[in-house]
Amino acid sequence: METLISVLIGILFTIGTYLILSKNLLRIILGSSIISHAVNLLILTMGGLKTGGPPLLGMGGTTFTDPLPQALILTAIVINFGITAFFLVLSYRAYKVLGTDDTKQMRGNENE
Amino acid sequence: MNNLLILPIIIPLITGMFMVIIRKKINVQRVLGILAIAGTGAVSAVLISQIKASGIQVLHIGGWEAPFGVSFAADMFSALLLLTSSIVSLFCLIYAFRSIGKGRETHYFYPLFLFLLTGVNGSFLTGDLFNLFVCFEVMLISSYVLISIGGTRIQLRESIKYVLVNVLSSSLFLVAIAYLYATIGTLNFAHLSVRVAEAGQNGLLTAISLLFLIVFGLKAGLLLFFWLPGSYSAPPTAIAAIFAALLTKVGIYSIIRMFTLVFYHEPNVTHLIIGIMSALTMVLGAIGAIAYWNIKKIITYNVIVGVGFILAGLASGTPEGLTGAIYYLIHDIIVKALLFLIGGTIIAITGTANLRDISGLIQTYPYLGWMFFIAALSLAGIPPLSGFIGKVFITEGTFEAGYIWLGAIGLLTSLMVLYSVMKIFMNGFWGESYLYEENEKGKTKGLLFPIAALTALTIALGVGAEGIYAFSDLAVESLMNPSLYIEAVLGNNWVGPN
């Protein structure tokens with residue numbers, strides 16, 4: 001199971017990297033978002049995908065899945081959510097002010 | 001257990017949250033900001049005296065013992081950095097009063113400044129890897145807003161790059177944490193150190209350590225500094241100064257912490273790579289500093305040279321090298337803030353950053369000129385000033401470790417640094433003055449006080465180097481013996497055969 005998910009994570013990283021290397025600002029943000037999905041899956045996988053009950057004491061099982069990676073992912077998701085929201089608004093504002101969403105045209109010294 | 005440890009994080013956080021409510025009352029916010037930072041500085045001074053008297057201070061949050069809960073630990077290294085960063089940020093804040101402008105002030109500049117400090121202080125104090133990630137994010141998110149606040153064209157353009165690079169490096173940080181958790185199964189620094197020592201640092205762990213080096217290298221501007229010159233020349237002076245003084249230094253702190261506490265078993269691989277990276281950083285930074293005629297560009301490339309130089313001290317792996325790295329880190333925080341403030345003041349007076357258009361400032365602004373001269377000499381490491389001791393120790397350390405090429409590159413780049421800042425001094429301050437009362441773009445009223453204070457600090461640090469030797473000695477002792485840190489955090493029963 002871990003192997004399968006690892007391959008999936010690898011594919012997600014590939015797609016994310018490809019998108020980030022493109023010119024369009026929105027594609028770049030999508031790429032960074034996909035990479036953060038891959039990262040969250042990676043944390044979950046690295047914690048081990050052994051079968052066991054959900055980490056709730058009331059469920060009465062004998063084995064539980066590792067609760068720590070879940071807490072880490074929850075934190076990472078919220079942080080990434082905040083940053084993505086900021087990044088989207090920033091690129092919207094940049095599009096309004098600079099008049100382009102092409103990163104090639106955002107180079108040079110003319111605005112300094 | 002020492003509850004004081006939480007104060008450097010709590011004080012700016014709560015003050016900042018309160019400031020959000022009183023958005024329009026700028027004067028109240030200013031007073032609160034000064035009080036909060038002064039309070040943090042006072043707490044770190046108390047912490048330093050406690051650490052000197054009774055060793056490393058530890059706080060287990062919520063009473064959960066070390067590997068299970070989040071613990072905060074302050075050794076002398078982090079306490080010294082805390083105190084220095086509080087002092088420098090206080091003066092940057094005072095500089096901001098006169099220079100930042102009402103628009104930014106009413107749009108949460110002061111709360112964001114304090115949140116930035118919350119993240120920085122948390123990064124210096126935390127004893128947990130994931131908590132370090134969270135503190136990094138607190139710091140970075142504040143810096144994203146601070147770099148783009150005001151929304152001028154150049155700020156928008158550069159902040160997109162800055163945000164993207166940091167989002168990616170944060171993702172890589174999480175990847176590295178996931179790998180380390182999978183192999184070692186813990187996130188507490190002290191516990192990590194114990195388990196890495198037990199497992200022996202095999203190829204897998206060394207590979208993970210190099211991933212951490214890439215992550216922190218991106219934050220610190222170690223070789224991966226391509227984002228830094230653009231980002232640091234975009235925001236207003238006070239913000240650029242605090243970025244140059246603190247943000248890269250947090251990355252440097254993390255590299256030093258990781259490679260002295262956790263991954264210290266394979267210095268032939270990791271420390272050699274750090275050495276090569278820092279040599280390249282110094283050379284490329286120095287080339288950049290020489291190449292430009294733009295004041296902002298020259299001083300941002302000097303930040304990069306400083307990063308390379310500090311980590312050359314770590315690469316040597318000797319006590320002398322680490323002593324030098326600590327001295328130089330403290331000196332660098334102060335002098336980079338000073339340099340950015342003076343550079344920003346010159347740009348505010350003349351209205352241009354191009355050195356070819358500036359001349360003869362010494363006739364109208366003698367104090368500013370001579371303070372810049374002192375800052376320049378201090379940056380290059382001329383004896384009575386603060387940069388000298390650090391440079392001597394780092395050079396000694398690299399020679400002792402057999403990395404003579406590294407020390408030689410350090411000395412050579414010092415020469416290039418001196419040339420680059422003297423270029424500003426000779427072209428900007430000497431010569432004929434074109435500047436008359438009527439075409440001055442700005443005034444220096446109120447801006448000179450923080451600059452003078454930081455200049456006095458760099459002189460005092462150089463002359464009184466003997467005075468902080470006792471403290472830096474303790475810092476080096478705890479960096480060279482990871483068992484001291486482990487014992488303090490985990491208690492005696494956890495310490496293994498080493």
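Is Asp75(B) buried or exposed? With a relative accessibility of 0%, Asp75(B) counts as buried. Keep in mind throughout that this is a predicted model.

**Charged pairs**

Asp75(B) has a partner: its side chain meets that of Arg257(B) in a salt bridge, at 2.8 Å from N to O. Asp75(B) sits in the loop between E2 and helix H3 (76-99) of chain B, while Arg257(B) belongs to helix H11 (residues 237-262) of chain B, so this pair ties together parts that are 182 residues apart in sequence. Arg257(B) is buried too, at 4% relative accessible area. Side chains of opposite charge can pair when their charged atoms come close.

How many salt bridges turn up over all chains? A search of the whole structure gives 6. Here are some of them:

| Asp75(B) | Arg257(B) | 2.8 Å |

Together with Lys161(B), they are linked in a network of salt bridges.

**A pair of strands**

Strand E1 (residues 57-60) of chain B runs antiparallel to E2(B), and 4 bridges join the two. If you'd like a spot to look at, find Val58(B), which stands opposite Ala73(B) in E2(B).

**The annotated stretch**

An unreviewed UniProt entry annotates residues 127-416 of chain B as "domain: NADH:quinone oxidoreductase/Mrp antiporter transmembrane". In the model, that stretch is 81% helix and 0% strand, and its end C-alpha atoms are 38 Å apart.

Now for the surface. Ile276(B), Leu280(B), Val283(B), Leu284(B), Ile287(B) and Trp405(B) make a nonpolar surface patch of about 480 Å². Which element gives the most to the nonpolar patch? That would be helix H12 (residues 270-291) of chain B, with 5 residues. Leu284(B) is found in this helix, and its 37% relative accessibility makes it partly exposed.

**Two loop residues with positive phi**

Tyr108(B) isn't a glycine, yet its phi is positive, near 70°. It is placed in the loop between helix H4 (102-106) and helix H5 (109-125) of chain B, and at 33% relative accessible area it is partly exposed. Leu223(B) also has a positive phi, near 65°. You'll find Leu223(B) in the loop between helix H9 (203-220) and helix H10 (228-233) of chain B, partly exposed at 27%.

**A stop in chain A**

Last, hop over to Thr45(A), in helix H2 (residues 25-46) of chain A. Thr45(A) is buried, with a relative accessible area of 6%. Neighbours within four places in sequence aside, Thr45(A) is in contact with Glu2(A), Ile5(A), Ser6(A) and Ile9(A).

Conventions:
Residues are numbered from 1 along each chain as its sequence is written. Chains are lettered from A and ligands numbered from 1 in the order in which they are written. This is a predicted model: local features need pLDDT of at least 70, side-chain atom pairs count only at pLDDT 80 or more; totals for chains, interfaces and linings use all residues. Side-chain values use heavy atoms; hydrogens and water are left out. Patches are made of residues with over 30% relative accessible area and no salt bridge: like charges are joined within 9 Å, nonpolar side chains (Val, Leu, Ile, Met, Phe, Trp, Tyr) within 5 Å. Accessible areas come from the Shrake-Rupley method with a 1.4 Å probe; for residues, only the protein chains shown count as cover. A salt bridge is a side-chain nitrogen of Lys or Arg within 4 Å of a carboxyl oxygen of Asp or Glu. Buried means under 20% relative accessible area, exposed over 50%, partly exposed in between (1.4 Å probe, protein chains only). Contact means heavy atoms within 4.5 Å. Two strands pair if DSSP finds at least two bridges between them. UniProt positions are given in the numbering used here, feature names are shortened, and annotations may be inferred rather than shown by experiment.
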